[in-house]
Amino acid sequence: MHIETIAIHAGNHTDETTRAVIKPIVMSSTFERGPDGDYPGGYMYGRIANPNRSQLENVLAKLELGEDAAAFSSGNAAGMAVFQSLKPGTHIIAPDDMYHGLRNQLKTLFAGILWFDFIDLSDLELVEQSIKPHTGLIWIETPSNPLLKLSNITALVKLAHAHDLKVVVDNTFASPICQLPLTLGADLVMHSSTKYIGGHSDITGGVLITPVKDEWWERIRNVQSMGGAVPSPQDCYFLVRSIKTLPYRMRGHVNNAQLMAEFLEKHAKVEAVMYPGLESHPQHQLAKLQMLAFGGMLSFTVKGGADEAKKVVNTVKLFAQATSLGGVESLIEHRASVEGPDTKTPQNLIRVSVGLEHIDDLIEDMSATLATI
């Protein structure tokens with residue numbers, strides 16, 4: 001089936017009891033056992049599984065062309081499940097501009113348990129030089145947050161598998177509509193479903209998708225069920241509902257982001273624009289090869305420093321100054337001030353989640369704002 005059809009039907013089944021076209025929310029935390037002590041309905045306890053979560057995991061697996069998916073209460077919880085599934089002492093290679101939430105998780109919660117190097121994944125020679133006897137995982141984030149750097153998934157997978165390493169791709173910025181890492185050989189895909197999958201800035205969630213149910217996947221499933229960082233039935237229900245419009249929403253995000261990037265690139269007050277859909281992006285050709293579309297996220301640097309950047313985010317009218325991304329509303333953020341004192345993000349960088357408002361209104365707002373700096 002085409003992705004639009006999968007998005008609508010893979011997470012929805014007519015209710016067998018009421019024949020309701022939309023599956024209702026099943027709020028029960030526990031499920032009745034049969035006379036033999038078994039569970040004839042297929043469910044035992046809400047932490048372990050729930051009908052709404054099963055529907056969500058089914059549609060997410062099919063969107064990424066995977067075999068199975070595991071839903072979590074946040075993107076950080078999904079990432080943590082991967083790290084918890086690794087043997088103590090495992091070395092991880094991760095991008096030097098890795099999402100700061102997961103980077104800080106590694107540096108704080110897993111310090112002394114796991115080992116890690118944050119390097120430039122676009123340098124394949126450096127990646128190979130960084131592989132150690134106890135390296136077990138390469139973590140890819142492409143496009144990256146917030147510099148929109150691309151990692152060559154196919155090349156990194158080839159290198160990793162030659163050394164018997166696993167590859168996880170954080171696909172949050174792209175969404176399943178813009179990039180399919182499992183088709184490029186990745187061993188696991190991660191999303192913060194809070195972002196484009198939820199799409200309305202009102203749900204927190206995360207997901208992991210696997211191409212095969214192997215022993216590693218069983219360990220991750222055990223982390224999910226035993227750790228209990230799972231989404232509520234209501235959150236699962238609303239994520240399934242949001243996914244039905246995901247392919248069409250992403251087309252709007254991509255179109256608006258492309259037009260906004262082209263506008264900013266020509267503006268006299270803008271130093272540089274980071275968006276893989278621009279020919280000026282240093283990895284534009286790679287983006288054309290491994291992405292189905294260029295996404296709805298962009299960053300740009302203004303001429304000046306932190307003061308000028310902060311004036312922009314404080315002056316715009318239609319862009320909400322807020323963390324997160326992927327909602328129908330446009331969001332804007334001075335990223336360095338969010339990431340803390342050890343950030344490597346330029347002080348004059350502004351990150352934009354381009355929403356679904358009319359692009360002419362967004363450009364008019366941005367144009368008026370840039371005129372003030």
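Two strands are counted as paired if DSSP finds at least two bridges between them. Helices (H or I, at least four residues) and strands (E, at least two) are DSSP runs numbered from the N terminus.

The views below show a predicted model, in which local features need pLDDT of at least 70 and side-chain atom pairs count only at pLDDT 80 or more, whereas totals for chains, interfaces and linings use all residues. Residues are numbered from 1 along each chain as its sequence is written, and side-chain values use heavy atoms, with hydrogens and water left out.

View 1. An open sheet of mixed pairing is formed by seven strands in the order 1-7-6-5-4-2-3. Strand 1 (68-72) and strand 3 (115-119) stand at the edges with a single partner strand each, so one side of each has no neighbour in the sheet. On average, neighbouring strands of this sheet are turned by 20° against each other, direction ignored. Axes are lines fitted to C-alpha atoms, for helices over the stretch in contact, and angles run from 0 to 180 degrees between N-to-C directions.

**View 2. Strands 6 and 7 with helix 8.** Strand 6 (residues 188-191) pairs with strand 7 (residues 206-210) in the antiparallel sense over three bridges. Met190 has Leu208 in strand 7 as its bridge partner. Helix 8 (residues 215-227) packs on the sheet, where it touches strand 1, strand 4, strand 5, strand 6 and strand 7. Contact here means heavy atoms within 4.5 Å. The direction of helix 8 makes about 25° with that of strand 1.

**View 3. Helix 6 across strands 4 and 5.** Helix 6 (residues 153-162) lies across strand 4 (135-141) and strand 5 (166-170). Relative to strand 5, helix 6 runs at about 155°.

View 4. His267 is found in the loop between helix 10 (246-265) and strand 8 (270-274). With a relative accessibility of 17%, His267 counts as buried; the classes are buried under 20% relative accessible area, exposed over 50% and partly exposed in between (1.4 Å probe, protein chains only). Leaving aside residues up to four places away in sequence, His267 touches Ser367 and Leu370.

**View 5. The salt bridge between Glu4 and Arg251.** A salt bridge is a side-chain nitrogen of Lys or Arg within 4 Å of a carboxyl oxygen of Asp or Glu, and the structure holds eleven salt bridges. In the one formed by Glu4 and Arg251, the closest N and O atoms are 2.0 Å apart. Glu4 belongs to helix 1 (residues 3-9) and Arg251 to helix 10, so the pair ties together parts that are 247 residues apart in sequence. Glu4 is buried, at 18% relative accessible area, whereas Arg251 is partly exposed, at 44%.

**View 6. The salt bridge between Lys149 and Asp96.** The side chains of Lys149 and Asp96 meet in a salt bridge (3.2 Å, N to O). Lys149 lies in the loop between strand 4 and helix 6, and Asp96 in the loop between strand 2 (91-95) and helix 4 (100-109); the pair thus links distant parts of the chain, 53 residues apart. Lys149 is partly exposed, with a relative accessible area of 26%, and Asp96 is also partly exposed, at 25%.

**View 7. A network of salt bridges.** Salt bridges link Glu333, Arg335, Glu339 and Arg351 in a network.
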